[in-house]
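Let's take a friendly walk through a protein model. Have a look at the sequence and the 3D view first.

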Amino acid sequence: KHTIRKKRLKCLLIFDDVPTYKNIVSYIPFSHEKNVHVLITTKNANFSVDGIQVKPFEREESIAYINLFLPQEGKDSKDKLARHLADSPSSLGLALDYIKDYPGMSIESYIHQHAQENPLSDQAISIAAERLGGPIDTYEKNQFKAIKMHLDELKRNSNEAFQLIGFLSLLNHNEINISHIQDWVKIRKM
């Protein structure tokens, strides 16, 4: 905060999925300058009177979004994907990334795989709810499923890469030296 204020840095700070204002107030640099902008996302409808409520896409918006990335897919398939993911922009984004990343993957096969993905255990949901500071809803469950699908695919294609992701998730990313990662990869290949 001091550096931003002192150097008059131009910045945008994004606080994602904040339960209450008190969770972030100490991180917000207050400035009368027009160079600091703050964006806060939350599910807390009472967070601010100036808030803008973002709702799921209308079905036509979902179809238009899907068309940007998968114009070759059929209209019925696009509609099924939008319905399956409740027109959630972020869930659609994860699905589209997944479908584009894996050659031969279609909307139909994605929907089938997503629907078959094992639901999170009660224990996993409880842990996630505790870490996220609130109940886990369908939106988050869809995201967890999509992330798990990506990780499963990574594991099938490169177990070393999958293990590296696990290893890196345990570390503070600001303190990881690239040479440590390279050494780890070399050791794994031996």
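Here is a short report on the overall build and on one helix.

This is a predicted model, in which local features need pLDDT of at least 70, side-chain atom pairs count only at pLDDT 80 or more, and totals for chains, interfaces and linings use all residues. Residues are numbered from 1 along each chain as its sequence is written, and side-chain values use heavy atoms, leaving out hydrogens and water.

The protein contains 9 helices and 2 strands (DSSP runs of at least four residues for helices, H or I, and at least two for strands, E, numbered from the N terminus). Starting at the N terminus, the order is α-β-β-α-α-α-α-α-α-α-α. Its C-alpha trace spans about 50 × 50 × 35 Å along the principal axes. Of the 190 residues, 25% are buried (under 20% relative accessible area; exposed is over 50% and partly exposed lies in between, with a 1.4 Å probe and protein chains only).

Now for helix H2, residues 59-69: where do its buried residues lie? Ser62, Ile63 and Ile66 are the buried ones. Viewed down the axis of H2, they fall within an arc of 95 degrees, so they line one face of the helix (the arc is that of the directions from the helix axis to the C-beta atoms). On the other side of H2, Glu60 and Leu68 are exposed.

The cover over the buried residues of H2 includes these helices:

| Helix | Residues |
|---|---|
| helix H3 | residues 75-84 |
| helix H4 | residues 89-101 |
| helix H5 | residues 107-116 |

Technical notes: Contact = heavy atoms within 4.5 Å.
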